[in-house]
Each structure stands twice: as C-alpha cells, then as structure tokens.
Amino acid sequence: MERKTRYGKFDMDIFCDESLPLGSKALYCALAGFCNKERMCFPSIDTLMRATGMTRNTLYKHMRTLEQKGIVKKAYVKNGPENFDRRLVYQLCDFQNRELGKGPPNT
C-alpha cells in the first residue's frame, strides 16, 4: 500500500521562538500537519503521541505551553445526540489568524 504524502503549513515566527521548548515546537508542527484551511484539527491524543514520540504527560505539558502562549485553543464540539458525544477540536492561532488580529503577537 502506497503511503499518502501529507503537508503542513507552520508559522516560522512560532517555530523560531527561542522561548518555546523544542517539544512544544514539535507538537505545534504536528498539529499544523493535521489542520484544515481554517487551521482547525481534531487528532486524538494517541495520534499526537505517535506523531511526536511523546508520552502522554509530556504531550499535555507542551500542549499547556502552547495554550498559555495563545498559539493553540481547545474546544469541545458536539458530534452526536448525547451530552457525552463530543470531539476535542484544536484551533491554531498562528500566522493566518494573527493577520485577523486573533493570534499571538510576534515574540
């Protein structure tokens, strides 16, 4: 079976931010690889762990860093009739949203 080639678009200002740990940059790039044109994605934690090689606790630590910096926002979206039928969606607030005044400032 041939492997599908995927591409991700990421913000070099975020990638080159010296205040961000390398693991946070790796997680940001992994999320960017899953994003649609609106910079939203919904990979599972297990998928992100496989993509980055991080443990669950390390992944959560770097996700908190990205959230605190305003690079990623998380939201639950209902996807079924029951209250517990919901999906975690990640919104990247990077270069595309910064142009609209919604993303983090350049650091």
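Me: How is the exposure of a residue such as Phe15 to be classified?

Reply: A residue is buried under 20% relative accessible area, exposed over 50%, and partly exposed in between. In this predicted model, Phe15 has 32% relative accessibility and therefore counts as partly exposed. Phe10, at 34%, counts as partly exposed too.

Me: Which residues of helix H2 are buried?

Reply: In an α-helix there are 3.6 residues a turn, so residues three or four places apart point the same way. In H2 the buried residues include Leu27, Tyr28 and Leu31. The largest nonpolar core has 20 residues, and H2 supplies its largest share, five residues. Leu27 and Leu31 are among the members that touch the most others. Beyond its neighbours within four places in sequence, Leu31 is in contact with residues including Leu48, Leu66, Val72 and Tyr90.

Me: Where is confidence lowest and where is it highest among the elements of the protein?

Reply: Where pLDDT is low, the predicted coordinates should not be read in detail. Helix H5, residues 95–98, has the lowest confidence, with a mean of 59, whereas H4 has the highest, at 97. Over residues 99–107 the pLDDT is below 50. The protein as a whole averages 86.

Conventions:
Residues numbered from 1 in each chain as written. Predicted model: local features only at pLDDT ≥ 70, side-chain atom pairs only at ≥ 80, totals over all residues. Heavy atoms only, no water. Core = buried A, V, L, I, M, F, W, Y, C linked by side-chain atoms within 4.5 Å. Buried < 20%, exposed > 50% of the residue type's maximum accessible area, 1.4 Å probe, protein only. Helix = DSSP H or I, 4+ residues; strand = E, 2+ residues; numbered from the N terminus. Contact = heavy atoms within 4.5 Å. pLDDT = per-residue confidence, 0-100.
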